[in-house]
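Biologist: Please put the model on screen. I will ask, and you answer briefly.

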Amino acid sequence: METGFFSMAIVQTTLSIIISWALFALLCSMIQEMIVQVKGERGRFMRSKIFDKLYDATNQINWGIMLYNHSKIKLLTKSSESPPSELSSKMLAETLIDSISFAHATKILIADHPTYVPVYNNELLNNFEFAVNNLGQSDVIIMLKNYLNKAKINATVGDQFDEEKLYKTLIEDVEIWFTEFGSRTSAWYKKASQKRLFVLGLLISAALNVDSIALFNFYKENPVARTEVEKFYLKNKKELETLNDTYQLQPLELLHKNSVKDTVQDVAKVNNEKKELFKKIDSLKNKLELPIGWDKFNCSTGILAKPISTYKGNEVTFSCLFFKLLGIIISAIAASLGAPFWFDLLKKATTSSILKK
């Protein structure tokens with residue numbers, strides 16, 4: 001370690017607790033990802049938002065439900081409780097246009113207008129234009145009608161239309177809308193995920209006695225432990241940062257990609273990575289005898305206190321329980337901030353030469 005400010009005990013103690021928070025937050029994120037995968041939560045969250053946004057009250061049609069009932073989407077759906085989450089904006093755009101063009105309501109309207117003369121050679125374009133012009137003018141229909149008019153202007157060649165260009169432009173505009181909608185939905189999902197991470201962190205902290213105050217006091221009095229924790233981070237830095245990069249992806253950002261499946265983790269892989277990380281953390285805990293686990297619970301101000309089983313009743317005070325609860329809550333807050341937050345701090349620490357590479 002370097003001499004000077006960054007070798008001060010309080011700074012090294014803070015660095016050690018940040019490493020501990022980063023590891024704990026990463027573990028919580030991986031457990032959360034397993035839960036999300038098993039429950040199919042990511043896909044259900046996006047589906048519910050699409051249902052809300054594409055509900056057409058004017059025509060009493062939910063275009064979102066029709067979109068998810070389309071064969072393109074249904075072929076990628078495991079079950080009604082586990083809709084796909086890795087749909088691209090382009091696929092959603094194409095499917096929405098197709099759903100409206102061949103909807104039952106559209107066919108009825110066309111049948112009620114026997115004098116209607118098709119404008120295009122492409123049946124989909126004919127049906128879509130007829131639908132947006134003759135259905136009730138809801139927000140959804142008006143938006144799509146505007147996109148169609150813009151596409152027609154761009155695809156005009158003399159007194160005709162370049163139908164391929166028209167369709168491509170229409171899809172691109174609707175795709176942009178889905179991408180922007182996905183960004184907003186990702187922000188909503190992130191907030192929900194942070195709340196869930198806090199609850200998950202609180203449950204794990206309470207179950208395993210992950211007390212940030214006890215850890216801080218332990219590191220403060222144990223220079224050897226501080227050094228070993230820093231060595232552990234440096235030794236596993238590349239692997240930990242890879243895991244952090246994987247799990248810091250916002251769950252719904254995959255909608256912005258054109259691939260049907262990108263870096264979405266399957267349950268088995270997440271479980272294996274979680275087990276490997278847990279083994280390493282557990283090995284470090286046992287090696288340093290970190291105050292994690294209820295067998296380490298104590299109400300002493302020192303670090304070599306007796307287990308709770310050896311305490312007399314009057315030694316477990318209100319003050320002791322208050323600080324124990326506070327330490328557990330701090331650990332939960334650390335988890336809710338997410339592993340990327342703590343690993344970014346560690347990167348800055350490394351850049352500032354707090355650690356020797």
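Biologist: Where does Thr169 sit, and is Thr169 buried or exposed?

Modeller: This is a predicted model, numbered from 1 along each chain as its sequence is written, and side-chain values use heavy atoms, without hydrogens or water. Local features need pLDDT of at least 70, side-chain atom pairs count only at pLDDT 80 or more, and totals for chains, interfaces and linings use all residues. Thr169 lies in helix α9, where helices are DSSP runs of H or I with at least four residues, strands are E runs of at least two, and both are numbered from the N terminus. Its relative accessibility is 10%, and buried means under 20% relative accessible area, exposed over 50%, partly exposed in between (1.4 Å probe, protein chains only), so Thr169 is buried.

Biologist: Which residues does Thr169 touch, leaving out those up to four places away in sequence?

Modeller: A contact means heavy atoms within 4.5 Å. On that basis, the partners of Thr169 are Ala151 and Asn154.

Biologist: At what angle do the axes of α5 and α9 cross?

Modeller: Axes are lines fitted to C-alpha atoms, for helices over the stretch in contact, and angles run from 0 to 180 degrees between N-to-C directions. Helix α5 covers residues 89–101, and its axis comes within 8 Å of that of α9. The crossing angle is roughly 120°.

Biologist: How many nonpolar, polar and charged residues are in the contact of α5 with α9?

Modeller: From α5 come Ser89, Lys90 and Leu92, among others, and they meet α9 residues including Tyr167, Leu170 and Phe178. Ala, Val, Leu, Ile, Met, Phe, Trp, Tyr, Cys and Pro count as nonpolar, Asp, Glu, Lys and Arg as charged, and the others, Gly among them, as polar. The contact has nine nonpolar, two polar and three charged residues.

Biologist: Is Asn209, with its positive phi, buried or exposed?

Modeller: Asn209 has a phi of about 60° although it is not a glycine. Asn209 lies in the loop between α9 and α10. Its relative accessible area is 0%, so Asn209 is buried.

Biologist: And is Gln60 buried or exposed?

Modeller: Gln60 also has a positive phi, near 55°. Gln60 lies in the loop between β1 (55–56) and β2 (61–62). With a relative accessible area of 59%, Gln60 is exposed.
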